[in-house]
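Dear colleague,

Please find below the structure that I am handing over to you. My findings follow directly after it.

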Amino acid sequence: MKIALALTDQSFAATKSVGIFNVSLGLAHGLAQCPGVDELHILGNCECSAHLQGAPAHVHVHLADKAVPRRLGRVWWDQVGVCNAIRRIGADWAILPKGFPPYFPSMGGTRLACYLHDVNWEYYMGPTAPGDSPFPRHELLYFRNLGIRALEVADLVLTSTHFNETRYHAYVPQANVAVVGIGFDEPARAAMHTGRDILFYVSPFPHKLTTLGIQRLQAWLAQREDAANIRIHLLGRLPEGTALPSAQWIHHGRMPQEEMERIMHEECRAAAYFSAYEGFGMPPVECLRSGLPCVASDLPPIRENIPARYLFDNASEESFIRTLNAVYDNSGTADTPAYPTWKEVAARCVTAMGKA
């Protein structure tokens with residue numbers, strides 16, 4: 001099988017999701033090791049090239065000689081550029097890791113697989129939308145239309161959770177969806193955590209429920225006799241105007257990976273992740289794989305990926321306190337489920353393409 005994988009628009013600087021960049025590179029490395037792939041053509045850029053060195057002889061990297069497309073350049077690439085590049089390669093299949101196809105895809109004889117990760121627009125445009133979306137309506141409409149377009153025109157839709165599959169079929173019942181998961185190649189870490197602090201993931205986006213998380217953690221501290229010795233490390237960007245309860249709350253924003261791992265392994269005993277909507281729920285999984293127990297909102301996709309004892313009901317303060325106490329007061333290692341490698345995920349993708 002001859003496959004083209006489009007990574008040209010992937011950038012730590014230009015994309016809003018570093019997670020998508022990592023998923024894309026992971027899939028590229030997995031496909032490069034997959035026995036069913038005779039030729040792998042990767043549409044990359046100079047930013048990606050360092051991660052693709054030393055590839056086997058059947059892997060061909062096509063580097064763009066220009067910067068990662070942004071704004072109107074990004075729209076041009078999504079709608080025209082990627083189709084032109086795929087037609088030139090003439091692959092059996094083209095995979096778009098960000099999942100969004102052009103409105104009128106013309107890829108010659110190449111079949112299209114879109115790797116979709118959520119229906120995030122649903123939270124901000126549905127009947128229970130919060131009404132304070134940080135996204136302009138035209139941007140939400142653009143991505144909603146592209147997402148539904150993928151379900152309508154792709155020969156195959158790849159995704160990470162069964163929850164996503166059910167949502168896609170709610171929009172396009174005839175969509176050909178294969179749940180392939182997300183891979184992890186680094187071995188899981190089974191470390192004992194003797195720190196006393198909490199790692200708390202925050203975000204300015206309403207669906208990440210940062211304000212509710214602050215209230216719940218403050219209520220948890222209020223009922224702990226050892227609260228004075230516990231700090232809350234906030235990782236991420238806070239909603240504008242957020243006031244932290246006390247000096248115990250330390251806002252780090254973003255930080256280098258090495259420093260984040262030091263805080264996780266030396267300072268913290270548990271992590272907390274609040275959310276009203278997810279397509280997969282990566283941070284709780286990454287915490288567990290690092291050996292740090294993480295309590296998380298009980299949402300269907302998160303339920304698919306982490307053990308039930310870590311889940312709490314967003315609507316119940318008592319549920320959160322009970323769940324966090326059970327984890328915090330147990331100094332054992334994190335209960336880490338088995339997750340596939342990227343080679344296994346790539347094999348699932350190739351199998352699904354063979355059946356499509």
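The structure holds zero disulfides, a disulfide being a pair of cysteine sulfur atoms within 2.5 Å. For Cys34, the closest cysteine sulfur is in Cys349, 8.5 Å away and too far for a bond. For Cys294, the closest cysteine sulfur belongs to Cys287, at 4.4 Å, which is also too far for a bond. Cys34 is buried at a relative accessible area of 6%, and Cys294 is buried at 0%. Here, buried means under 20% relative accessible area, exposed over 50%, and partly exposed in between, with a 1.4 Å probe and protein chains only.

Please note that this is a predicted model, in which local features need pLDDT of at least 70 and side-chain atom pairs count only at pLDDT 80 or more, while totals for chains, interfaces and linings use all residues. Residues are numbered from 1 along each chain as its sequence is written, and side-chain values use heavy atoms, with hydrogens and water left out.

As to the overall build, the protein chain has 12 helices and 13 strands; these are DSSP runs numbered from the N terminus, helices being H or I of at least four residues and strands E of at least two. The chain is as compact as a globular protein of 356 residues, because its radius of gyration of 21 Å is close to the 21 Å given by the globule rule. That radius is taken over C-alpha atoms, and the rule is 2.2 Å times the number of residues to the power 0.38. The C-alpha trace spans about 65 × 45 × 35 Å along its principal axes.

Of the 356 residues, 54% are buried. Among contacts (heavy atoms within 4.5 Å) with a separation of 6 or more, 64% are between residues 24 or more positions apart.

Two individual residues may also interest you. Leu209 lies in the loop between β8 (197-201) and α7 (210-222). Most residues other than glycine have a negative phi. Leu209 is buried, with a relative accessible area of 18%.

Glu258, by contrast, is exposed, with a relative accessible area of 60%. Glu258 belongs to helix α8, residues 257-267. Between Glu258 and Ile148 there are 110 residues in sequence and 39 Å in space, C-alpha to C-alpha.

With kind regards
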